[in-house]
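Thanks for making time this morning. I would like to walk you through one structure, so please have a look at the sequence and the model before I go on.

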Amino acid sequence: MNQSYDVIIVGSGPAGLGAAFHIIENSSKSVLLLEKSKISSGGLRNDCKQNYTYPVGFTTELWNEEEAERMLAMVARHLNPDIVQQRNLDVYIKRAENLGVKLLNIKQSHVGTDRAKGLIADLIQKLLEKGVTVALETEVDDINYDAKKIYLKDESEIRFGDIVLAPGRAGYNWLQNQMDKMNIQYSDNVVDVGVRIEAREQNYPIVKDYYDPKFIFPGRVRTFCTNSGSAHIVKEKYEKYYSVNGHAYSTDMASNSLVNFAMLKTITLTDPVVSGHQFAEILGQMAMQLSGGQPMMQRIGDFRLGKRSKRETFNDDLYDFQPTLKNATPGDLSLAIPSKILRDIWRAMKLLDTIIPGILHPSTIIYYPEIKTYAIRPEFISSYFMVKKNLYMIGDGAGTSRGITGAWASGIRAAEGILLNS
Ligand SMILES: Cc1cc2nc3c(=O)[nH]c(=O)nc-3n(C[C@H](O)[C@H](O)[C@H](O)COP(=O)(O)OP(=O)(O)OC[C@H]3O[C@@H](n4cnc5c(N)ncnc54)[C@H](O)[C@@H]3O)c2cc1C
């Protein structure tokens, strides 16, 4: 690494990659991309479903369709998506519309967890060939905005002309710290709370026609991140709780005939709890306390009867598949989920079962909690996600995106701002 670069990018997720490619391909600027992990994290590495239709993955307050579509074409040139063919969409859309539910028609591709590492390695290799300096396992500790310097964990310092911060959702605390130090105003009052459903594929056969169907229900509930083929549920560790999530391997792997997807309700908080992270911690901790420090799970059959699931519920009788998240604790969701959230999600599930009959089979499992604390969104001073002169904040961490393609597009937009202002 040199002692100074025209542009320093913190974080090599899709947002950081989008910025790095755009700057190096459109200028002679020196670029340093810093990543604290061995490999970039998040959705590029896990599952890697890419959505190529606005508004999926975009924050609608910051993007319009025309601008997003222009960027998505540029994203596709780097990620070369293999768009999955959809079938019978008009039938599903009509059924949904009859119930006041919207089914979005999204162009998608799916890489799969097993192939994603190769994709990331290719992208990094291309950046190196184009002249970007990439430093993996290199964590940025602090920024001195006035002196235009960053400090690494090993206490070395590097100067920048422009700096782009793209630390992702997990970089929440770090980003908040930086904003506080630089007196940047921000908000964090939106959070998605919900459950993850795991079912036999035959009880949710729409996935054969539409890989990741995006249903939007009344009550701000939606389906999110559907996985099938070789599909698994995992838990993600946060400071005070675990959230569940799902992913699938590519078609190279044998199918386990299961499907999983999230049902999320968006909550906008107002005084006195105005932090989505704070609310998530309250709910997450409550779930952990009720289920011995692990996510909770309940079979639909038990839920409908109003009784908790027990270890015996997960047998080979009617309940004919085993949970893929082995250490989730059988329990009673209605003790853990606030009634407003549970009511709206359950209503949405009944609508979904009318559109795709079968998903409410007694064997279907509901896992809780799945929580998406999207962002700590700064006040931007330009449409290029500039927060202060020469300082840009992008990606899921800064609330400019909600997915791989939107994050990459945010990187391009910040890069355009840098090129315009230089
Ligand atoms: C399990 C999982 C599965 C997902 N699946 C999908 C999917 O299939 N499709 C989809 O569209 N989205 C998916 N997502 C969401 C997706 O990951 C995000 O929308 C996207 O990665 C956001 O990009 P980003 O660049 O903003 O942040 P990230 O991808 O999170 O990248 C941020 C990077 O910054 C690094 N970093 C943070 N702080 C520092 C620091 N101080 N110094 C140096 N480096 C730092 C982090 O290590 C990280 O690599 C998934 C997320 C998870 C967790």
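Predicted model: local features only at pLDDT ≥ 70, side-chain atom pairs only at ≥ 80, totals over all residues.

Helices here are DSSP runs of H or I with at least four residues, strands are runs of E with at least two, and both are numbered from the N terminus.

Residues are numbered from 1 along each chain as its sequence is written.

Back to the pair: the axes of helix 1, residues 14-26, and helix 4 come within 10 Å and cross at roughly 30°, with axes being lines fitted to C-alpha atoms, for helices over the stretch in contact, and angles running from 0 to 180 degrees between N-to-C directions. Helix 1 and helix 4 are therefore roughly parallel to each other, given that angles under 35 degrees count as roughly parallel, over 145 as roughly antiparallel, 65 to 115 as roughly perpendicular and the rest as oblique. On the helix 1 side, L17, A20, F21, I24 and E25 meet L123, L127 and K130 of helix 4, where contact requires C-beta atoms, placed from the backbone, to lie within 7 Å. By class, this contact has six nonpolar, no polar and two charged residues; Ala, Val, Leu, Ile, Met, Phe, Trp, Tyr, Cys and Pro count as nonpolar, Asp, Glu, Lys and Arg as charged, and the others, Gly among them, as polar.

Helix 1 also meets helix 10, residues 404-420, where the axes come within 7 Å and cross at roughly 40°. That makes helix 1 oblique to helix 10, and this crossing is right-handed. Its contact includes G16, H22 and N26 of helix 1, together with W408, I412 and E416 among those of helix 10, and the residues divide into 14 nonpolar, six polar and one charged.

Turning to the whole chain, we have domain 1 (4-84 + 109-187 + 375-420) and domain 2 (190-372), with bounds that come from an automatic or database domain assignment. The C-alpha centres of domain 1 and domain 2 lie 30 Å apart, and their contact takes 12 residues from domain 1 and 11 residues from domain 2. Which helix gives the largest share of the side of domain 1 that touches domain 2? That share, three residues, comes from helix 4, residues 113-130.

Finally, some backbone details. Most residues other than glycine have a negative phi, and most peptide bonds are trans. Here, a cis peptide bond joins D271 and P272, with omega about 10°, and P272 lies in the loop between strand 15 (258-268) and helix 6 (276-290). Another cis peptide bond joins Y368 and P369, with omega about 0°, and P369 is found in strand 18, residues 365-372.

K148, in the loop between strand 7 (140-144) and strand 8 (149-152), has a positive phi of about 55° although it is not a glycine. With 17 C-beta neighbours inside 10 Å, K148 counts as partly exposed, the category between buried, at 20 or more other C-beta atoms within 10 Å, and exposed, at 12 or fewer, with C-beta atoms placed from the backbone. C225, in strand 13 (residues 221-237), also has a positive phi, near 55°, and with 22 C-beta neighbours inside 10 Å C225 counts as buried.

Key. Contact = placed C-beta atoms within 7 Å. Left-handed = near helix turned anticlockwise from the far one by under 90°.
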